Amino acid sequence: MNTLLNILVLPGDGIGAEVTAESLRVLDWAVSAHSLDMKISETQFGIEVFREHGALISNADMALAKRADAILFGAIGGPGYQDVPAQVRRETGILGLRKHLGLFANLRPVRGFAALGDVSPLKSDIMSGVDLLVVRELTGGLYFGEPRGVTGEAGARRGINTHVYTEAEIARIARVAFEAARTRRGKVCSADKSNVMEAGALWRDVVTEIHAAEFSDITLDHILADNCALQIIRDPKRFDVILTDNMFGDLLSDGAAAIPGSLGVLPSASLGETRKNGSRPALYEPVHGSAPDIAGKGIANPIGAILCVAMMLRQSANANPAAAAIEKAVEDTLDAGIRTADIAPTGQSPVSTRAMTDAVISRLSANA
Ligand code: IPM
Ligand code: MG
């Protein structure tokens, strides 16, 4: 590998800017230490753009996003969004990026870092050592199904959303989950509501068929989505890959995010279909969101964004050694007890966003 990768950085709202800036320092380290070839450009996204253009991203930048090999995304949301019409939010916000770039596969890895046993709401022996991956379908189901909307007169209105999946949509996200399991512990657990919903029963049938036809080396279990929520809290170590639809994936991935004790340490990737030129649209986004209450203070946890850089290096740049080095440096930093405010135990004074990143970078250099 050493093909030029075009990376578009969209820091976005709230703490997006500060954590993304720090994660780019880690990317710089990887680019020079591992001689990677990348072109990195940055542009605006979010509420500032809305005030100027009436959309959360300009048309020109949406075109850039469609051509990029990878997008490093910060966060969306916060003050001012009450003025953004629902339609504008849906077409030009994060849902619009997902739709227009065809990002149908959302990967949300969750690790229970032993060092965070004191801040996780789960008991240390339950959370420590968890290593699971939620594979969430991202461009179908309830989020995008038609018909949708509110009809009728005041007092008698009907709100409608449609839960719909085609066989093709189920099959392609199932393949992503099975392929991910092949690089991990070889287990997929598919969560649905096949006991209640026809689309859920179809989901279960199609996942079973794809498994039998193409992935018999992988262990497949099915679980009802409500029971999955319970098991994620009771015994998260039983999971390797959790495969699920858009709506359940939203809920289950937030639930699983409680495991490490802070949203601040979680990355995610959203992938599209491989293009004719062999590249694959991909957007990397820390799970934490814009956190307006702490924005601009320089205290946000940069680890989610830093682990997004590692995910990007692995997934989009095939630079596994650089990705592994970053993941190891993050773990070493946590093991050393260095803590931003969100993961500091009571009584310990937390470090800043920048100091946390310095700590990761100094371990990267020391481990190299
Ligand atoms: C997520 C978020 C989004 C979603 C929101 C911001 C639209 O909760 O990425 O999980 O519901 O998908
Ligand atoms: Mg969510």
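Predicted model: local features only at pLDDT ≥ 70, side-chain atom pairs only at ≥ 80, totals over all residues.
## Around the ligand

The residues in question are Arg-98, Arg-108, Arg-136, Tyr-143 and Asp-250. Oxygen atoms of ligand 1 turn up in several side-chain contacts. One is 2.7 Å from a side-chain N or O atom of Arg-98, and a polar side-chain atom of Arg-108 also lies 2.7 Å from a ligand oxygen. For Tyr-143, the distance between a side-chain N or O atom and an oxygen of ligand 1 is 2.5 Å. On its own, ligand 1 has 320 Å² of accessible area, and the protein covers 63% of that.

## Charges over rings

Elsewhere, Arg-172 lies over the face of Phe-104, 4.1 Å from the ring centre.

## Aromatic pairs

Searching the whole structure gives three aromatic pairs. One of them joins Tyr-165 and Trp-203: the ring centres are 5.3 Å apart and the planes are at 70°, so this pair is edge-to-face. Tyr-165 is in the loop between strand S7 and helix H7, while Trp-203 is in helix H8, so the pair links parts of the chain 38 residues apart. Both Tyr-165 and Trp-203 are buried.

Phe-178 and Phe-215 make a stacked pair, at 4.9 Å centre to centre with 25° between the planes. Here helix H7 supplies Phe-178, and the loop between H8 and strand S9 supplies Phe-215, 37 residues apart. Phe-178 counts as buried because its relative accessibility is 0%, and Phe-215 is buried too, at 2%.

Methods:
Residues numbered from 1 in each chain as written. Chains lettered and ligands numbered in written order. Heavy atoms only, no water. Near = heavy atom within 4 Å. Polar contact = N/O pair within 3.5 Å; in protein donor to acceptor, adjacent residues only side chain to side chain. Areas by Shrake-Rupley, 256 points an atom, 1.4 Å probe, with all protein chains shown as cover. Phe/Tyr/Trp six-rings, centres within 6.5 Å; stacked < 30°, edge-to-face > 60°. Helix = DSSP H or I, 4+ residues; strand = E, 2+ residues; numbered from the N terminus. Buried < 20%, exposed > 50% of the residue type's maximum accessible area, 1.4 Å probe, protein only. Lys NZ or Arg CZ within 6 Å of the ring centre and 35° of its normal.
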